[in-house]
Amino acid sequence: MSVPKVSTQNGDWSEVVDRLVAEKIASRIAAKDATIWGPEAESEASIRLGWVDLHETSRPLLAEIEALQADLRSEGLDRIVLSGMGGSSLAPEVITRTAGVELFVLDSTDPSVVQRALDGDLSKTVIVVSSKSGGTVETDSHRRTFAKAFADAGIDAASRIVVVTDPGSPFEKLSADEGYRKTFLADPNVGGRYSALTAFGLVPSGLAGADIAELLDQAAEAAPVLQADSTDNPALWLGAVLAASAGRDKAIIAADGSDIVGFPDWAEQLIAESTGKNGTGVLPVAVEVGAPELQSDAADLTNALLADKATSGVPTALTSGSLGGQFLLWEMATAVAGYLLGINPFDQPDVESAKAAARGLLDAQPEPEAPAFTDGAVEVRGSEELLGGADTLRRAVTTLLDQLGENGYLAVMAYLDSERDADLASLRTALAKQTGRPVTFGWGPRFLHSTGQYHKGGHPEGVFLQITATPTADVEIPDRPFTFGGLIAAQAAGDATVLAERGRPVLRLHLTGPTSGVQQLLSLFGN
C-alpha cells in the first residue's frame with residue numbers, strides 16, 4: 001500500500017496551508033463538524049459527512065458482498081451489469097478497470113448502449129441497480145427493461161436484480177415488495193460523488209471481482225495523514241492548489257504513469273458538482289496524456305496530476321498513492337476547496353434544473369424544433385443571434401468558438417454511444433488545439449451528474465456544443481409512455497433549454513446518421 005502524497009510546483013501555498021492548519025480544518029472535517037462551511041451550508045453538511053470514516057463503517061459490507069458473490073458464481077452468474085449514474089457508476093468504473101475485472105457500466109440512455117447491455121448473455125447476468133431513492137429516471141428505466149428481458153428469456157427476474165439504495169427509501173420498499181435478490185443499504189449521510197467507499201462503490205466492484213477489502217485498507221492507512229492538522233497533510237496542499245491559486249479557476253486533470261485507470265473522470269465529477277455553484281467554482285477538465293492543455297501556460301489554469309512531474313509552468317499539484325488513498329485524498333481536498341471558496345461542497349442546486357426540463361418535455365412530447373439548416377448528415381440548431389447567418393456546419397461551429405472569451409472554455413456534450421462513437425472523443429483534443437482554450441468532453445446523459453452542475457452554476461464562461469443523433473433502433477421502456485430514444489432526446493433538449501435560459505451560447509448538432517455524422521464532424525474539425 002501507499003499513503004497519498006502531494007508535491008507542488010510553480011507556486012507557494014504555504015500561507016494558505018498554515019491557515020488551514022491553524023484553523024484545524026482537517027481534524028474538524030474528520031470530526032464531522034458541519035459548521036466549517038458556514039451557517040447556510042450547515043444543515044446539508046450535517047447529513048453529508050459520513051464519507052470521512054467509511055474505511056471503518058463500510059467493513060460490515062465485505063462479508064455480505066463476498067457471500068453474495070460466492071452464491072452468484074456457484075450458479076454460473078458472472079456477468080455483472082451496473083445501472084447507476086454519477087458517483088454510482090464512476091467510482092465502480094475506476095475500481096474495476098484498475099483491478100482488471102469486467103463490469104458492464106450502464107450509465108447511458110442511448111438506445112444502442114442499452115441494447116448492447118441486453119444483448120449480453122442473460123443466462124449469466126445479474127444487474128446491480130444503484131439509486132439513493134430509486135426515482136432516478138435512468139436507473140428506473142434500466143431496471144424495468146432488464147426485468148422484462150429476464151422474464152421474456154424465462155428467467156426469474158427478481159433473482160437477478162440486486163439493489164443498492166439508502167435505508168428507508170422508496171427503492172428499499174420496492175425491492176422488498178418485488179422480492180429482489182439482495183438489497184444493500186448505503187450510508188445515507190454520504191452524497192453520491194463522495195460514495196466511492198460506500199455500498200454504491202463496493203457492491204458492484206466486489207461482485208465483479210475487485211479486492212474491495214484492500215481498497216478499504218488503503219483508505220484506512222491514508223486517513224490519519226489526511227485528517228491531521230499538519231503542514232505535511234497532502235489534502236491541504238491539493239485543496240489549496242485547486243482553490244487558492246488566484247484567478248486560476250480551471251484544473252486540468254490527467255493520469256500519467258499511474259496504474260489507476262480512469263481516475264480523472266471520477267475526480268472531474270467530484271470537483272465539478274462540489275464547487276461549481278453560486279457563479280464560482282473550479283472547472284475540472286479531464287484530459288488524456290499529452291493533451292494541449294497540459295502544455296499551456298494560460299493564466300486561468302492549474303494542473304492536478306497523477307504524475308511525478310509537471311508538464312507546464314502553471315501551478316501544479318502532483319499526486320501519488322493507492323486508489324483507496326486517492327479517493328479519500330481528493331474527497332478531503334475538495335471539501336477543503338469548498339471551504340476556501342466559501343461555498344457548500346455538498347449540494348448540487350443546478351442538477352435538478354435539467355432533470356425538470358427533461359421531465360416537462362417527456363410529458364408534453366412536443367415536435368422537435370426545426371433545424372436552422374442541414375449540412376450533410378448534420379442538422380444545425382441555434383439562436384439567430386448565435387448563428388449570425390451561418391449556413392454551413394463549419395461556419396456554425398466557428399461562430400460558436402468565436403464566443404469564447406479570454407478565460408472561456410468549450411464543453412462538448414455528446415448524447416451518443418461511447419463505444420460505437422468512441423472516435424468522436426478525439427474532437428476534444430482537436431478543438432483544444434484549435435482554440436487554445438480548455439475543452440471538456442462529456443457523454444450524455446452521464447455528464448449531467450458531473451460537469452452539468454458547473455455548466456449552469458459555475459463561472460459563466462462556457463460555450464456549449466451539443467451533439468445528438470437519431471437512433472438506428474429504439475428500445476421500449478416497459479410501462480412508460482416513452483422509449484429510450486425519446487428519453488435521451490428529452491434529456492438533451494432539456495439541458496440545452498436550461499443552458500440557453502441562463503444565457504449560455506449553445507449550438508446543437510443533430511446527426512441524422514450517427515456513423516456518417518461522426519465522420520463528417522471529424523473530417524471537418526478532427527485534425
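Modeller: Let's start with a term: helices (H or I, at least four residues) and strands (E, at least two) are DSSP runs, numbered from the N terminus. This is a predicted model, where local features need pLDDT of at least 70, side-chain atom pairs count only at pLDDT 80 or more, and totals for chains, interfaces and linings use all residues. Residues are numbered from 1 along each chain as its sequence is written, and side-chain values use heavy atoms, with hydrogens and water left out.

Colleague: OK. Where does Thr316 lie?

Modeller: Thr316 lies in strand 10, residues 316-320.

Colleague: Is Thr316 buried or exposed?

Modeller: Buried, because its relative accessible area is 0%. The cut-offs are under 20% for buried, over 50% for exposed and partly exposed in between, with a 1.4 Å probe and protein chains only.

Colleague: What does Thr316 touch?

Modeller: Contact means heavy atoms within 4.5 Å. Leaving out residues up to four places away in sequence, Thr316 touches Ser7, Thr8, Gln9, Asn10, Trp13, Val241, Asn303, Leu305 and Ala310. Its side chain also reaches the backbone oxygen of Val314 at 2.8 Å.

Colleague: New topic. How many residues has the largest nonpolar core?

Modeller: It has 88 residues. Such a core is a set of buried Ala, Val, Leu, Ile, Met, Phe, Trp, Tyr and Cys residues joined through side-chain atoms within 4.5 Å. Ile29, Trp51, Phe263, Trp266, Phe327 and Trp330 have the most contacts inside this core. Helix 14 (residues 323-341) supplies the largest share, eleven residues.

Colleague: Which residues does Phe263 touch?

Modeller: Val94, Leu306, Leu323, Gln326, Phe327 and Trp330, not counting residues up to four places away in sequence.

Colleague: And pockets? How much space lies in the largest pocket?

Modeller: About 1,100 Å³. On a 1 Å grid over the protein atoms alone, a pocket is an open set of points where a 1.4 Å probe fits, with protein on both sides within 12 Å along at least five of seven lines; lining residues have an atom within 4 Å of a point. The volume is the space filled by probe spheres set on the points, which are joined across faces, edges and corners.

Colleague: Which residues lie nearest its centre?

Modeller: Of the 36 lining residues, Glu93, Arg97, Asp265, Trp443 and Arg446 lie nearest the centre of the largest pocket. Helix 6 gives the most to this lining, with four residues.

Colleague: What about the second largest pocket?

Modeller: That one holds about 730 Å³ of space. Helix 20 gives the most to its lining, with eight residues.

Key:
A polar contact is a pair of N or O atoms within 3.5 Å; within protein, one must be able to donate a hydrogen and the other to accept it, and residues adjacent in sequence count only if both atoms are side-chain atoms.
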